[in-house]
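Subject: A structure to look through

Dear colleague,

I am handing over the structure we spoke about, and I would be glad if you kept it open beside this message while you read. My notes on it follow below.

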Amino acid sequence: MTPKIAKFLQAHTPATPCLVLDVDVVEQNFTAMRNAMPSAQIFYALKANPAPEILHRLVALGCGFDCASIEEINMCLAAGAEPAKLSFGNTVKKATAIAAARAAGIDLYVFDCLAELEKIALHAPGARVFCRLAVSSEGAVYPLSRKFGVSTEVAGDLLRRAVDLGVVPWGLSFHAGSQQTRTWAHEVAIGQVAMLFDELEADGIKLGMINVGGGFPTEYLDRTPAIEVFAARIARALTYHFGDSQPQLLVEPGRYLSGNAGVVVSEVVLVSQRDPADPLRWVYLDIGKFGGLIEAESNVIRYRITTPHDGTDDGPVIIAGPTCDSGDTLYDKLDYRLPMRLRDGDRVVLHNAGAYVTTYAAQSFNGFKPLEEYYL
């Protein structure tokens with residue numbers, strides 16, 4: 001929690017649940033990535049948190065944007081982003097969305113199958129296209145290469161076909177998985193990309209861009225490698241495979257830019273010990289999976305939780321949300337321990353919760369409204 005957030009919470013005591021985010025931290029993360037990867041174009045994956053305050057700050061810093069829908073494209077344009085700084089980075093797009101994006105001046109589109117490539121060629125003729133590869137996601141919390149991506153062999157055939165269809169084969173992309181903690185993951189994938197670059201160049205197709213995606217981690221309960229470590233491995237791979245003739249590097253951080261910038265403040269609704277002989281307590285918060293904490297499902301993302309009683313005797317707990325859905329349980333397989341003094345009405349803080357909370361929140365399940373948002 002930054003001093004700015006702490007001061008705001010002390011002065012205002014906002015109703016819970018709420019997200020409070022320090023936009024200066026987003027800028028600090030962007031600057032750290034830009035310093036670590038000075039040759040890269042940074043395109044923020046705004047699905048992580050598309051708040052206008054974040055978008056305006058990143059536009060002012062010269063950041064680009066990875067957009068998954070025409071709605072996200074319009075958000076970026078409304079924040080002042082130039083069309084040349086936007087990528088339509090979803091491999092699944094409606095024809096009407098492609099046409100609208102092209103009319104807005106968007107020139108960069110991803111695909112991973114012939115049908116999508118033909119759709120882009122029809123509705124965005126002359127655009128630059130890049131093909132997404134399926135690569136290993138070992139070491140990531142969320143693997144992303146089952147739903148998306150093709151083999152290098154198929155990608156080569158598709159990019160050759162792009163020429164005939166009247167679009168420009170511009171590059172290759174991959175995603176090593178969300179919350180990736182293996183610093184070599186991007187390096188291995190770049191090796192696959194480089195081989196295909198050589199094959200296509202031999203056929204007269206010279207690609208101009210490698211998009212290494214995102215996946216750079218935010219620190220939750222466990223330590224994670226610094227962005228400088230990932231950057232060094234990526235730079236080493238590019239130098240090894242391409243020497244002095246390196247293609248344009250594109251990176252698409254989402255969680256890395258906004259994750260550690262915000263906290264979620266929640267009220268304890270109930271502390272329940274159903275069996276006096278069992279030390280395990282159930283702690284129900286006023287936010288759960290349907291309130292935006294879906295990433296806690298299967299105990300995948302493990303937020304650090306602090307309370308007013310930290311430092312006193314604690315005990316094992318299961319942490320759950322407030323809804324009547326039995327699936328609304330956050331942590332039931334991990335050794336979470338909270339103070340024995342914790343009571344209804346206490347406020348707790350979930351740290352590094354600035355990404356994938358507001359965008360995952362249901363509109364009104366059980367009548368609960370989405371959490372309030374404050375950007376400082």
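Which element gives the largest share of the lining of the second largest pocket? Before I answer, please bear in mind that this is a predicted model. The answer is α9, from which three residues of that lining come.

To place this in context, α2 (23–36) and α9 (227–242) are the helices that each supply at least two residues of the lining of this pocket. The lining is made up of 14 residues in total, and those that lie nearest the centre of the pocket are Pro217, Glu219, Thr224, Tyr256 and Asn260. Sorted by class, the lining has eight nonpolar residues, four polar ones and two charged ones, and the volume of the second largest pocket comes to about 220 Å³.

The other region I looked at is strand β13, which spans residues 281–285 and is mostly covered, since four of its five residues are buried. Strand β13 pairs with two strands that I would like you to find. With strand β12 (residues 262–272) β13 runs antiparallel, and four bridges join the two; within this pairing, Val283 of β13 is the bridge partner of Val271. With strand β15 (residues 314–320), by contrast, β13 runs parallel, again joined by four bridges, and here Arg281 stands opposite Val317 of β15.

With best wishes

Definitions and conventions. Residues are numbered from 1 along each chain as its sequence is written. This is a predicted model: local features need pLDDT of at least 70, side-chain atom pairs count only at pLDDT 80 or more; totals for chains, interfaces and linings use all residues. Side-chain values use heavy atoms; hydrogens and water are left out. Buried means under 20% relative accessible area, exposed over 50%, partly exposed in between (1.4 Å probe, protein chains only). Two strands pair if DSSP finds at least two bridges between them. On a 1 Å grid over the protein atoms alone, a cavity is a set of points where a 1.4 Å probe fits but cannot get out, and a pocket is an open set with protein on both sides within 12 Å along at least five of seven lines; lining residues have an atom within 4 Å of a point. Grid points are joined across faces, edges and corners, and a volume is the space filled by probe spheres set on the points. Ala, Val, Leu, Ile, Met, Phe, Trp, Tyr, Cys and Pro count as nonpolar, Asp, Glu, Lys and Arg as charged, and the others, Gly among them, as polar.
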